[in-house]
Amino acid sequence: MNPTNEEILALVKDALEQTKIPYNFENETYIFQNWFKNDPNNVLFRIKVSEKTLIILTEHPLYCDKNETEMIKLVNLINCHYMMSALIFDVNKKQIINKHCISCFQSMPTPTMIRNALLLSLLYFDTFRIGLPDILLGHKAEDVFSSCLNKDKKFSSIKEPTLLN
């Protein structure tokens with residue numbers, strides 16, 4: 001089966017509606033926030049389909065100009081150790097973006113695959129999001145990376161997300 005972009009978009013819509021995730025649809029992109037109860041308001045999800053690839057973007061604005069070099073080092077450390085997603089530091093917009101892609105060239109993803117990709121995207125992003133303020137406060141990327149992976153040293157009270165439904 002070789003699905004079209006329209007078929008993939010319709011499947012994403014069905015998956016979001018089955019999961020009861022409220023969304024907006026703008027410019028061929030599903031946009032939503034607060035899928036999880038303890039998800040902060042400033043984390044934004046976007047799902048788009050481009051060239052038969054399902055792309056899930058999780059965006060978090062930083063609102064700070066300090067320590068860009070260390071932030072880039074942290075993003076590179078994370079990307080070198082984890083292959084499931086990719087973190088991107090957009091210097092111009094001052095935000096961190098987690099990009100998760102699912103290729104749909106040979107097969108159609110299931111609603112469960114889409115939901116699991118969203119969950120993985122948020123969990124991956126949340127593991128390292130808690131370290132971003134530490135970089136902005138002047139800590140070294142290597143130390144922040146280690147503290148994000150060590151559950152006892154996390155500075156945030158964020159726990160595993162709880163689904164709304």
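1. Helix α2 passes helix α5 in a right-handed crossing, where right-handed means that the near helix is turned clockwise from the far one by less than a right angle, and left-handed anticlockwise. Two packed helices are described by the angle between their axes and the distance between the axes. For α2 (residues 68–81) and α5 (residues 141–149) the angle is about 45° and the axes are 8 Å apart. Axes here are lines fitted to C-alpha atoms, for helices over the stretch in contact, with angles from 0 to 180 degrees between N-to-C directions. α2 and α5 are therefore oblique to each other; under 35 degrees would be roughly parallel, over 145 roughly antiparallel, 65 to 115 roughly perpendicular, and the rest is oblique.

2. The α2 side of this contact consists of Glu70, Lys73, Leu74, Leu77, Ile78 and His81, which meet Ala141, Glu142, Val144 and Phe145 in α5. Contact means heavy atoms within 4.5 Å. By class, the residues are 6 nonpolar, 1 polar and 3 charged. Ala, Val, Leu, Ile, Met, Phe, Trp, Tyr, Cys and Pro count as nonpolar, Asp, Glu, Lys and Arg as charged, and the others, Gly among them, as polar.

3. On the source: this is a predicted model, in which local features need pLDDT of at least 70 and side-chain atom pairs count only at pLDDT 80 or more, while totals for chains, interfaces and linings use all residues. Residues are numbered from 1 along each chain as its sequence is written, and side-chain values use heavy atoms, with hydrogens and water left out.

4. The chain has 5 helices and 6 strands, in the order α-β-β-β-β-α-β-β-α-α-α from the N terminus. Helices (H or I, at least four residues) and strands (E, at least two) are DSSP runs, numbered from the N terminus. Of the 165 residues, 44% count as buried, that is, under 20% relative accessible area with a 1.4 Å probe and protein chains only; exposed is over 50%, and partly exposed lies in between.

5. The 6 strands form an open sheet with antiparallel pairing, in the order β1-β2-β3-β4-β6-β5. The edge strands, β1 and β5 (86–90), each pair on one side only. From one strand to the next the twist averages 25°. Helix α1 (residues 5–18) packs on the sheet, touching β1, β2, β3 and β4 (53–61), and its direction makes about 150° with that of β3. Helix α3 (residues 111–129) lies across β2, β3, β4, β5 and β6, at about 30° to β4.

6. Strands β1 (residues 24–26) and β2 pair over 3 bridges; pairing requires at least two bridges found by DSSP. Glu26 stands opposite Thr29 in β2. In the hairpin, which has 2 residues between the strands, Asn27 takes a positive phi near 50°. β2 also pairs with β3 (residues 44–50), over 5 bridges, and Tyr30 has Ile47 as its bridge partner in β3.

7. In β2 (residues 29–33), 4 of the 5 residues are buried. Phe32 lies in this strand and is buried, with a relative accessible area of 2%. Beyond four places in sequence, the contacts of Phe32 include Leu16, Ile21, Leu44, Phe45 and Leu118.

8. Gln95 is found in strand β6 (residues 95–103) and counts as buried at 11% relative accessibility. Among the residues that Gln95 touches, beyond four places in sequence, are Glu59, His60, Phe89 and Asp90.
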